[in-house]
Amino acid sequence: MPRSMSAISGSRSVPLALLVLLGCSGESAPGTSATASGAGGTGGAVAAGGGPTSSGGTGGEIAATSGTGGSSSGGSSGGAGAGASGGAGASGGAAGVGGSGATAGGGTDAGGASSGGTGGDPVSSEGDGDYTIDPPYMAGPESSVGAGVPRGNLLDSVMLSSSLSAIYPTNVANGQTFNRTIQVYLPNGYVAGTEAAFMVVQDGSGHVGRLRPILDNMIDDGRIPPLVVVFINPGPGDGPGSQRGLEYDAVSDVYVNFIETEILPMLADDYDINFTTNPEGRASYGCSSGGAAAFTMGWFRPDLYRRILTYSGTFTNQRSDEYPHGAWEYHENLIPDSDPKPLRVFLEVGENDNGSTSPASGFRNWVLANQGMAAALAAKGYHYRFIFANDAGHCEGNVMSQTLPDALEWLWRGYAG
């Protein structure tokens, strides 16, 4: 199928990467610009509060201008294997924000080899770093199922009572039981009981319609592996004090343990799915607090999840029970003060995202939070990809539809199955 993103030209000083799988994505529409900004040395990709821009400005060295050429700048050099022993450093990079082969790269790679080597990441850092995209935002061809493309099997949704859970038995807001919806996508041709790579999608029912045709097209094209996808909804409510907030905004391993010990075993038994135990074949995806949850899954259990995809991630102070500043602590303290983890992380934020005019001192500015995440990941040598969407808001659907194909391809680059 044709790619749906315009090409970019330019170079960056340090390519980086992380690994997680959450939320929305958006490609540049033909004719729009995509600008790569530098990940400058140890100072990180973007200074929190600056932000990627298409000209001048703070928040990173601007090393590219808009354009349509498919030029490539730089190349990767073997990194020093910053991943955990066993080397599962996030692998690979995708084409630049224009999916037609343009790259913005050059510099060192982070993480050990996916195969366990110690000589640096064997897959290039192509597509890593910071990018700016501009409106109008529109879905690419992947959002419509192509002629002759076989459809994956979207199983009927099921309602799961919280009374069956030992971890989340009742709604924290009122002490009552509740139901959550779960739906599973099986790639075309999946044979029951065979090992499968998979992705967990937070706020699942809100992403089924957007993701299903993209999955069908990209799996058929061989651009991503044949994924099983678990679309799972949270408990009721939103924000501080809600069940959704308890599940998604907590900076702890409780939610990932819920997925791992209660949800996946149930689905494996009910549908005869063999979820891979290889962390390189496990991704998490989410938008807003769902994005924060996706990252939290990888951060606390990198032995289970290493590919993370987030849109408008709530890396802000929504819940301070575990850490004083909540998920703001990721870019403030946890990432800077920890050894690099073998993660690969995609981040996106809109220029007019939640709290965009709020001061950093309130710890509730989504723009500064995501810029801070990019900077922190860059400084520690992660594989990461950060998209700054001009004139876009929180979890903007058109941005997600436009960028998701490229984000997924970048996220899964280097996975051998």
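The bend at a residue is the angle between axes fitted to the seven residues ending there and the seven starting there; this value is used at the second stop. The model is a predicted one, in which local features need pLDDT of at least 70 and side-chain atom pairs count only at pLDDT 80 or more, while totals for chains, interfaces and linings use all residues. Residues are numbered from 1 along each chain as its sequence is written, and side-chain values use heavy atoms, with hydrogens and water left out.

**Strand E7**

Select residues 179–186, strand E7. Strands (E, at least two residues) and helices (H or I, at least four) are DSSP runs numbered from the N terminus. Of the 8 residues of E7, 6 are buried, so the strand is largely enclosed by the rest of the structure; buried means under 20% relative accessible area, with a 1.4 Å probe and protein chains only.

- E5 (residues 153–154) runs antiparallel to E7, joined by 2 bridges; leucine 154 has tyrosine 185 as its bridge partner.
- E6 (residues 158–161) is antiparallel to E7 over 4 bridges, with methionine 159 bridged to threonine 181.
- E10 (residues 228–232) also pairs with E7 in the antiparallel sense, over 4 bridges; glutamine 183 is partnered by phenylalanine 231.

**Helix H3**

Move to residues 254–271, helix H3. Centre on isoleucine 263, where a kink of about 30° lies shortly before proline 265. Then colour the buried residues of H3, among them Tyr255, Phe258, Ile259, Glu262 and Ile263.

Methods:
Buried means under 20% relative accessible area, exposed over 50%, partly exposed in between (1.4 Å probe, protein chains only). Two strands pair if DSSP finds at least two bridges between them. The expected span of a helix is 1.5 Å times one less than its number of residues.
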